[in-house]
Amino acid sequence: MKKILLSVAIAFGAFSATYAQEPYPCHTDEKTKEFVDALSPEERAQYLAEKEANELFIQEYIANNPISTSNTVEKSDVILYTIPVVFHIIHQGGPENISDEQVLNALQHMNDDYQKLNASAFQVVPEFQSRVADIQVEFKLAKKDGSGNCTNGITRTFSSATSDGDGSDRVSAVQAEHGNWPGNKYINIFVAQDIGGAAGYTMYPNNWLGASMSNGIHVLHNYVGSIGTSGSNGAHTLTHEVGHWLNLPHLWGDSNDPGIESNCNIDDGVADTPLTKGWTTCNLSGTTCDGNLDNVENFMEYSYCSKMFTEGQKARMHAALNSSTGGRNNIHTAANLAATGVSLPEVLCTADFDADYKVVCQGQTVTFDDLSYNAVTSRQWSFPGGSPATSTAENPAITYNTPGTYEVQLTVSDGSSTESKTKTAFITVLNDAASLPFTESFEGTNNIDYSFWLVENQGNNAAFDITTSVGHTGNHSAKLGNFGQAAGNKDAIISQPIDLSSISSQVTLSFRYAYRKRSASNEEWLRVFITNSCGESWVQRKTLKGSNLGNIVASGDWAPSSPADWVTVHMANITSSYWVDDFRVKFEFESDGGNNFFIDDINIYSGSSSNEPSLNLEDHELLKAFNVYPNPADNIANVSFTLEKDQNVNVSLVNMMGQNIQSHTVQANNGQNLVMLDIDTIDAGVYFINVNVGGIKQTKRLVIQ
């Protein structure tokens with residue numbers, strides 16, 4: 001048997017296309033080096049000594065507490081260890097904010113796998129049927145938090161740490177909002193959008209983390225359970241990670257690389273798992289090291305067909321649960337089960353709810369979700385302004401027909417006590433749609449709350465508002481005070497409905513923006529989204545990133561001071577499926593520590609694509625800095641140019657035969673202009689982009705791939 005000297009294990013539980021793109025996504029080497037390198041030489045020696053001492057305890061415990069290996073088909077009904085669990089969902093309002101149902105589904109898979117309740121356990125190849133183990137461990141969501149307050153075992157934290165930062169950033173974000181959840185009292189599972197390249201990772205038991213929240217599991221949202229954002233490939237990911245948390249290595253030992261020859265020289269410290277190189281495919285007849293059949297269907301493999309733990313792995317996990325290392329022997333004690341509430345009866349303590357949409361058009365239906373806990377037996381909803389106005393359903397669907405802002409109230413009962421929750425200004429029903437032509441220069445109001453626009457600021461930091469001191473047209477514009485704002489924030493302004501149903505041939509959305517970086521390294525984003533369903537779903541139609549958004553640096557709190565500071569964008573890719581009566585547009589800015597951002601002169605207008613600008617012989621000097629990018633292009637082609645005065649400009653895409661494929665006339669403005677052409681459905685080949693100003697044409701070649 002080889003000693004296992006890793007302190008960090010990162011692994012996929014079951015894989016998808018991500019695995020195929022990255023051969024060895026189990027970042028054990030990188031994370032272990034990162035962890036150990038942070039220790040002083042004295043600390044490192046102590047750490048390794050403690051690791052070896054714990055391994056000796058594990059082996060002595062296994063020797064003194066033999067587990068029967070005669071378990072073939074039957075499973076025990078006895079639970080020996082109960083472990084409190086809490087899921088911390090870190091999100092920015094995207095799909096990573098998974099539902100309670102997905103969390104419960106993941107917990108069910110964990111319990112099935114650790115109690116031999118998964119149907120696939122009885123489909124293991126005959127050679128390993130006698131080794132399939134019921135681990136006799138159950139996982140329960142906590143009912144009390146680290147301070148003893150009521151919880152449902154699920155926290156939600158809005159933070160950029162979901163996609164930007166490391167594990168400590170995610171832990172800190174949760175602690176700041178929800179307090180401390182000690183790692184020797186709960187398995188803390190941190191669910192995020194991005195955790196650095198793997199599907200999940202955790203820590204082997206060690207005293208360097210012990211009661212810290214860092215003594216937990218990090219997992220991608222699409223590897224949590226098998227429903228919602230996940231699928232069958234995520235069903236056993238947490239089973240795999242909890243195995244590491246309970247001191248199980250991969251079947252091939254402490255190598256990060258499954259499938260290599262040298263893995264036959266190491267071991268996982270478990271007697272009944274044959275030596276193996278490790279698998280990334282489900283080869284049920286595979287033999288790699290000593291001629292014996294490999295246990296390819298083991299949960300600690302990478303084989304895509306996980307079904308089982310062995311009796312030897314069960315013994316090792318039970319030993320870990322009886323070791324003081326990492327506080328594993330505390331987590332299942334009667335005192336801790338009472339402190340975390342999992343041994344207590346269900347008691348109603350909180351009323352809460354949410355809705356699938358909070359901003360809707362007239363006539364739109366909203367579905368509400370009762371999030372109260374625990375043991376709700378009845379509920380009474382009140383929906384002022386909605387139809388119906390009351391409900392006793394768990395997830396009522398309510399239609400709103402009249403513009404306005406409305407509260408929602410929920411009262412729940414467990415039969416003996418009641419709890420209520422009222423959320424004021426919870427549902428906003430938008431006004432009648434604006435008609436074309438639509439123009440917005442932000443003049444006439446000093447507060448964006450009383451304008452045509454809604455603000456999205458889930459991070460509760462800098463937000464879009466109307467400034468009265470600077471604008472391209474007049475002295476008003478929409479400003480995001482991005483100077484001094486932390487990186488990773490997303491802020492947006494969103495229009496109310498605009499009626500495009502009268503369009504018959506062409507529509508153009510144009511706007512002006514002004515922006516500066518704060519340092520050359522800033523990588524900030526402007527994204528433009530549109531919807532044809534009043535916001536039920538959005539499609540991204542424009543992206544400006546980094547230097548394409550702007551490459552001039554201003555170190556101070558910057559504001560535009562001349563027309564040359566503004567860029568005009570023309571979006572000719574509002575296709576016919578969006579010519580509806582509840583069209584909306586959203587401008588979203590993602591920060592990276594840069595400078596301020598301004599929007600002005602938002603304009604939506606219709607016009608025939610055959611309209612050519614009138615001839616003006618003085619205009620031949622007016623078109624400058626003409627460029628087409630990216631080139632080659634495969635989705636969107638950007639046509640940029642600079643004008644010295646406001647002018648209608650025709651931009652056309654022409655094939656090698658001289659035939660017009662697309663033609664768009666835009667109301668271009670003085671200064672820099674950017675026209676977007678949607679080429680996603682255009683056949684690959686060589687084309688020409690013509691820009692025609694006053695009868696004077698300039699041409700550039702474009703390759704579509």
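What is the volume of the second largest pocket?

## The model and its numbering

This is a predicted model, in which local features need pLDDT of at least 70 and side-chain atom pairs count only at pLDDT 80 or more, while totals for chains, interfaces and linings use all residues. Residues are numbered from 1 along each chain as its sequence is written, and side-chain values use heavy atoms, with hydrogens and water left out.

## The second largest pocket

The second largest pocket has a volume of about 490 Å³. A pocket here is an open set of points on a 1 Å grid over the protein atoms alone, with protein on both sides within 12 Å along at least five of seven lines, and lining residues have an atom within 4 Å of a point. Grid points are joined across faces, edges and corners, and a volume is the space filled by probe spheres set on the points.

The lining is made of 23 residues, and Leu104, Asn152, Ser372, Tyr373 and Asn374 are those that lie nearest the centre of the pocket. Helix 4 (100–114), strand 3 (137–141) and strand 10 (364–370) are the elements that give two or more residues to this lining, and helix 4 gives the most, with three residues. Helices (H or I, at least four residues) and strands (E, at least two) are DSSP runs, numbered from the N terminus. By class, the lining has nine nonpolar, five polar and nine charged residues, where Ala, Val, Leu, Ile, Met, Phe, Trp, Tyr, Cys and Pro count as nonpolar, Asp, Glu, Lys and Arg as charged, and the others, Gly among them, as polar.

## Helix 4 against helix 7

Two packed helices are described by the angle between their axes and the distance between the axes. Helix 4 and helix 7 (residues 237–245) pack at an angle of about 60°, with their axes 8 Å apart, and therefore helix 4 is oblique to helix 7. Axes are lines fitted to C-alpha atoms, for helices over the stretch in contact, and angles run from 0 to 180 degrees between N-to-C directions; those under 35 degrees count as roughly parallel, over 145 as roughly antiparallel, 65 to 115 as roughly perpendicular and the rest as oblique.

On the side of helix 4, the residues in contact (heavy atoms within 4.5 Å) are Ala106, His109, Met110, Asp113 and Tyr114, and they meet Leu238, Thr239, Val242 and Gly243 in helix 7. By class, this contact has five nonpolar, three polar and one charged residues.

## Helix 3 against helix 8

Helix 3 (residues 41–64) and helix 8 (residues 311–321) pack at an angle of about 120°, with their axes 9 Å apart, which means that helix 3 is oblique to helix 8. Helix 3 brings Glu55, Phe57, Ile58, Gln59, Tyr61 and Ile62 to the contact, and helix 8 brings Ala315, Arg316, His318, Ala319 and Ala320. These residues divide into seven nonpolar, two polar and two charged.

## Loops with marked backbone geometry

Two cis peptide bonds can be located in loops. The bond from Ser387 to Pro388 is cis, with omega near 0°, and Pro388 lies in the loop between strand 12 (386–387) and strand 13 (390–391). The bond from Tyr629 to Pro630 is also cis, with omega near -10°, and Pro630 has its place in the loop between strand 28 (624–629) and strand 29 (636–643).

Ala375 is found in the loop between strand 10 and strand 11 (378–382), and its phi is near 60°, a positive value in a residue other than glycine.

Notes: On a 1 Å grid over the protein atoms alone, a cavity is a set of points where a 1.4 Å probe fits but cannot get out, and a pocket is an open set with protein on both sides within 12 Å along at least five of seven lines; lining residues have an atom within 4 Å of a point.
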